[in-house]
Amino acid sequence: MSLRLHDTLTRRLQTVTPLEPGHVRLYTCGPTVWNRAHIGNFRTFLFEDVLRRWLERSFPRVTHVMNLTDVDDRLIHNATEHHQRLAEETAPWIEGFFADLDTLGIRRAHHYPRATGYIEEMVTLIERLEAKGVTYRSDGGIYFRIAGFPRYGRLSGIPAAGLVAGRSGRVDADDYTKEDARDFALWKTVGPDDIGWDTRLGRGRPGWHIECSAMSMALLGESLDIHCGGVDNIFPHHENEIAQSEAATGKPFVRIWCHGEHLTMNREKMAKRLGNFRTLPDLLAAGYRPAAIRYLLITGAHYRRTLDWDEAPLRAADEAVGRLTEFRDRVRSLGAGSGGEEIGARAAAAADAFARAMDDDLNVPEAVGHLFGAIRDLNRLLDAVTPSVAVRQQLIALVEEADAVLGVLPLVDRERAASALSPEDEELLARRVAVRAARDFAESDRIRAQLLERGIMVEDTAQGQRWKRA
Ligand code: AMP
Ligand code: ZN
């Protein structure tokens, strides 16, 4: 079995064969840390997390780099308005980003380079491009001359002539003089009092695209295996990255370009500027569980299809997570029986089918279809037979292999641990049962109030005392 991914450049499925055998070098475009990322951003980061996890199952070594864009027009505007340095402006958003990654169980990249930490590398790269004659200077800064790079437009398929704005609507500010509307800024000149850097190129700040070329090459080399982002990154961002990187090095920049489709809301791209967005803290405040949110965003649609956000499927996602958790718990608590080879074979077949679907361009919806089909059959088979320890091991392997990708069980366990009772709470609950049995209701009410102060709500039902978190 080998993993194939759809490559945006060749528009074909390509087998992942790392340039350095056994070592996959992965670059994923990260957030602009100017406010709280929305769950559309996290759909992309989760698809990249699934890719990363599956690469780790398939290859001995993966190096994953995700940049943080911590300088751009909006950030500079906000920092100036708030009378603070850029680093002060971005710090809370960076913290929020990492908190959200952890909430969703997204594996940390090996490096999170910040654009402001790589100004020297960007300056050097721009100098290399100047030496190749594909740039020009004007009042506003230094521009890349698209006419100097004949392969321009191959990734996006957008004809080079008459290019305007990208799907993101995000183009470099056009208030500077350019020879051609298609050219883009590598370096923007700024005034002495503006936020910027004094460099060999003069006082200024980098354009957005040069950041990713400089940081990916600094950390992963001039050619890397897989480069990802959302589809709105294809043009102009990734098209420009190819032009800058390949014009400078003369080498192919990326082996496979992998892009995730958007999360939409009311059928429109989820975006801050359209106002149709949700953040993770919004959803948590509404009572949704991280495992369900993660599950829905990774299984709701194949990564190359849009997913329209809706809260109803979150309940179904929660149930699916519940079924997987129950199955895991059931398998763990199985006693040692004998036989059950049929059960082992069913589990092994499901694990195979799961892996084949993942290898086929990360077909997560199909993979979970195989998983839950098997869980249904296996639950039925386990009602009749307690299998041998060896078969039990095959069941555990199925759950572990699937969840190595899905990554929901650790989130469930974390939630369980957080809601487990402390020994003092256990003791109070037990005492309350005892005093009620002795019909000391005054004392039982006193303990109830005490528990409430500790954040635990007690309720008396026909089945006895129940508790939940207040
Ligand atoms: P940005 O901070 O705008 O550069 O976005 C960070 C990442 O989120 C990029 O890879 C974008 O392609 C991706 N992204 C932005 N909006 C959406 C969306 N509605 N659905 C999926 N991915 C998105
Ligand atoms: Zn990028």
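User: Helices are DSSP runs of H or I, at least four residues long, numbered from the N terminus. Which helix gives the largest share of the shell around ligand 1?

Analyst: That is α1, with four residues. Keep in mind that this is a predicted model.

User: Which elements supply at least two residues of that shell?

Analyst: Helix α1 (39–58) does, and so does β10 (224–230).

User: How many residues surround ligand 1, and which are the closest?

Analyst: There are 18 around it. The closest are Gly40, Thr44, Asp232, Leu263 and Met270.

User: What does Gly40 contact on the ligand?

Analyst: A nitrogen atom of ligand 1 lies 3.0 Å from a backbone N or O atom of Gly40.

User: And which side chains come to 3.0 Å from an oxygen atom of ligand 1?

Analyst: Asn41 is one of them, through an N or O atom of its side chain. Asn233 is another, again through a side-chain N or O atom. As for cover, ligand 1 exposes 490 Å² when taken alone, and the protein buries 92% of that.

User: Let's move to the metal. Which residues coordinate the zinc ion (ligand 2)?

Analyst: Cys29 and Cys212 each use SG, and His237 uses NE2. The distances are 2.1 to 2.2 Å. In sequence, the donor residues follow the spacing C-x182-C-x24-H.

User: Why does the pair Cys212 and His237 tie together separate parts?

Analyst: Cys212 is in helix α5 (residues 208–220), while His237 is in helix α6 (residues 234–249), so the pair links parts that are 25 residues apart in sequence.

User: Is Cys212 buried or exposed? And His237, buried or exposed?

Analyst: Cys212 has a relative accessible area of 1%, so it is buried. His237 is at 0%, so it is buried too. The cut-off for buried is under 20%.

User: Still in α6: where does Pro236 sit, and what kind of peptide bond joins it to Phe235?

Analyst: Pro236 is placed in helix α6. The bond between Phe235 and Pro236 is cis, with omega at about 0 degrees.

User: New topic, rings. How many aromatic pairs does the whole structure have?

Analyst: The search finds 10. One of them joins Phe98 and Tyr112: the ring centres are 4.8 Å apart and the planes are at 85 degrees, so this pair counts as edge-to-face. Phe98 belongs to helix α3 (residues 86–103) and Tyr112 to the loop between α3 and α4 (119–132), so the pair ties together parts that are 14 residues apart in sequence.

User: Are Phe98 and Tyr112 buried or exposed?

Analyst: Phe98 is buried, and Tyr112 is too.

User: Which charged residues sit over rings?

Analyst: Arg74 lies over the face of Trp34, 4.5 Å from the ring centre. Lys272 has its charged end over the ring of Phe277, at 4.9 Å from the centre.

User: Back to β10. What does the side chain of Asp225 reach?

Analyst: Asp225 lies in that strand. Its side chain reaches the backbone nitrogen of Leu19 at 2.8 Å. The side chain of Asp225 also reaches the backbone nitrogen of Arg25, at 2.9 Å.

User: Why does Asp225 count as buried?

Analyst: Because its relative accessibility is 3%, and buried means under 20%.

User: Which residues have a positive phi although they are not glycine?

Analyst: Arg11 is one, with phi at about 60 degrees. Asn266 is another, at about 55 degrees.

User: Where are they in the fold?

Analyst: Arg11 is in the loop between β1 (4–7) and β2 (12–15). Asn266 is in the loop between β12 (263–265) and β13 (268–269).

User: How exposed are they?

Analyst: Arg11 has a relative accessible area of 44%, so it is partly exposed. Asn266 is at 63%, so it counts as exposed.

User: Last one. Where is Asp383, and how far is its C-alpha from that of Met358?

Analyst: Asp383 is in helix α11 (residues 364–384). Asp383 is exposed, at 60% relative accessible area.

Methods
Residues are numbered from 1 along each chain as its sequence is written. Chains are lettered from A and ligands numbered from 1 in the order in which they are written. This is a predicted model: local features need pLDDT of at least 70, side-chain atom pairs count only at pLDDT 80 or more; totals for chains, interfaces and linings use all residues. Side-chain values use heavy atoms; hydrogens and water are left out. Donors are N, O and S atoms within 2.8 Å of the metal (3.2 Å for Na, K and Ca); water is not among the atoms, so sites may look incomplete. Buried means under 20% relative accessible area, exposed over 50%, partly exposed in between (1.4 Å probe, protein chains only). Rings of Phe, Tyr and Trp (its six-membered ring) pair if their centres lie within 6.5 Å; planes under 30 degrees apart count as stacked, over 60 as edge-to-face and the rest as tilted. A charge sits over a ring if NZ of Lys or CZ of Arg is within 6 Å of the ring centre and within 35 degrees of the ring normal. A residue is near a molecule or strand if one of its heavy atoms lies within 4 Å of it. A polar contact is a pair of N or O atoms within 3.5 Å; within protein, one must be able to donate a hydrogen and the other to accept it, and residues adjacent in sequence count only if both atoms are side-chain atoms. Accessible areas come from the Shrake-Rupley method with a 1.4 Å probe; for residues, only the protein chains shown count as cover.
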